[in-house]
Amino acid sequence: MSQTLPSSSSVTSLPPVPSHRWWTLSVVALAQLMVVLDSTVVNIALPSAQADLGFSNGDRQWIVTAYSLAFGSLLLLGGRLSDLIGRKRTFIIGLIGFAVASALGGAAGSFGMLVGARALQGAFGALLAPTALAVLTTTFTIPKERAKAFGVFGAIAGAGGAVGLLLGGYLTEYFDWRWNLYINVFIAVIGVVGAAIFVKHVTRTGPRPKLDIPGTLLVSGALFGLVYGFSNAETGGWGSVLTWGMLVVAGILLFAFVLWQRKAEHPLLPLAIVLDRNRGAAYISVLIAGAGMFGVFLFVTYYLQTSLLYTPVQTGLSFLPMIAMLVLAAQLSTNLLVPRFGPKVMVPFGMMLGAIGMAYLTHLDLGSVYVVDVLPPLMIIGFGMGSIMPASMQTATLGVDRQFAGVASAMVNTSQQVGGSIGTALLNTLAATAATNYLVANAPVTAAVAAQGAIQSYATAYWWGAGFFFVGAIIAALLFRRIGHGISLSNPHGNAPTGEATPRAVQPPLT
């Protein structure tokens, strides 16, 4: 069956370049930072929140899971809504909603209220994150400017988790755990004012497309099952009926979603978007990078705090050099390296650096010194992520019809979220198994044996993380096209990039 991305206009001239577009980038980057850092900023506050509200260790995971479930399952819907009701309007609604949810969470007097607020945060985050990327995609159409904008955005997407650890440690140690949520209110207020002034409202021309309700229900259910299944694997184990049951249901719903999208009159996610070779490679790369990065944040944080006895603030500061390297690599990649070599070279290069950095971390022990043993691999991984994320994000949204920019952008966030869920669940399970095996083999269990068992579990997670990156390097090298073979990230004449020269260009039919 043939499927074509619809077009609402046959305009052949380029859209005017928005004024104040660099201010628009600042607003979008601020919103993206708020959403990304919120996935880690609360983690450091969990012990204090638990002591204050009195919930159990078993319930603790729901503070994190409630956010990830709502966020992961509603991303494609959020991206499509931004296409339907307008990106500026959706962006402001997302900011206001996220601020209200954060305020409710900060004021929570019970465990149930905190979980509900976190779920509400996730829902509005799913509306905000893809809209932010879509605004960026449709604002920057000149290749050189687009490269710089995506360099900033990709750096924030990669570094936001580490910024969350730093901010969370500072707020928890010097203020109160509730400020990890209240801080979003101040960020959102700045974002709303900036969006009202600088984000351009685009008037729709032609008939308004309809929301694909069956497709929305199918894919939201599939993503919910996928994220819940992997989250449950962390606590219930891979032998749990609920874990496999949710993953099987997710697979069935996802298959049904694909079948429905082939015949839907107004598809939620036209298959031509994800089946394009370059975009598919970009989505897979973001997923694998997300899986690896969550492993770095999770286990290095555990190592620094439990093995080296760092404070939360010291732990957050320890990640700063990695952030600096990520930002440096993002700017070098997007401005110099990606236009010259393309994602086919830069993404595998970044993946291999990630694999090297993770392998380097495996030698850490109880006597390791930060400057000699921890700092070098973190900087290597940071440079690797700065090479992966901007190139992948730019390619993932390149050439998409403007009326589908929101849902194409949502696929980037979905890939990162699902990758993080998969990586966290798999690495946690593998690390826990390694720790158990070590304790059994070295009984009786003393404090020294338990400490060394933790080190062994971290090393296992790092080796598997290195494997993720290595496989990602192979996949990216095989799937991405070379520059000049269906992909163009730069243009000496300053015209729009491939797929943007005709803003409403009809995409090639998918058979």
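**Exercise 1. Find how far apart F299 and Y302 are in helix α10, and describe their ring pair.**

Step 1. F299 and Y302 are three residues apart in helix α10 (residues 277-307), so about one helical turn separates them. A helix here is a DSSP run of H or I with at least four residues, numbered from the N terminus.

Before going on, a word on the model: it is predicted, so local features need pLDDT of at least 70 and side-chain atom pairs pLDDT 80 or more, while totals for chains, interfaces and linings use all residues. Residues are numbered from 1 along each chain as its sequence is written, and side-chain values use heavy atoms, leaving out hydrogens and water.

Step 2. A pair of aromatic rings is described by the distance of the centres and the angle of the planes. Rings of Phe, Tyr and Trp (its six-membered ring) pair if their centres lie within 6.5 Å; planes under 30 degrees apart are stacked, over 60 edge-to-face, and the rest tilted. F299 and Y302 have 6.4 Å centre to centre and 70 degrees between the planes, making an edge-to-face pair.

Step 3. Ring pairs also link F299 and Y302 with Y303 and Y458 in a cluster.

**Exercise 2. Decide whether F299 and Y302 are buried or partly exposed.**

Step 1. Buried means under 20% relative accessible area, exposed over 50%, and partly exposed in between (1.4 Å probe, protein chains only).

Step 2. F299 has 2%, so F299 is buried. Y302 has 40%, so Y302 is partly exposed.

**Exercise 3. Describe the surroundings of N180.**

Step 1. Locate the residue: N180 belongs to helix α6 (residues 179-198).

Step 2. Its relative accessibility is 0%, so N180 is buried.

Step 3. Contact means heavy atoms within 4.5 Å. Setting aside neighbours within four places in sequence, N180 touches D38, V41, A45, L167, G168, L171 and T172.

Step 4. The N180 side chain also reaches the backbone oxygen of W177 at 3.0 Å.

**Exercise 4. Work out how helices α12 and α13 are arranged.**

Step 1. Two packed helices are described by the angle between their axes and the distance between the axes. Axes are lines fitted to C-alpha atoms, for helices over the stretch in contact, with angles from 0 to 180 degrees between N-to-C directions.

Step 2. The axes of α12 (residues 320-341) and α13 (residues 343-361) come within 7 Å and cross at roughly 120 degrees.

Step 3. Therefore α12 is oblique to α13: under 35 degrees is roughly parallel, over 145 roughly antiparallel, 65 to 115 roughly perpendicular, and the rest oblique.

Step 4. From α12, the contact uses S333, L337, V338 and F341; from α13, it uses P343, V345 and M346.

Technical notes:
Helix = DSSP H or I, 4+ residues; strand = E, 2+ residues; numbered from the N terminus. Polar contact = N/O pair within 3.5 Å; in protein donor to acceptor, adjacent residues only side chain to side chain.
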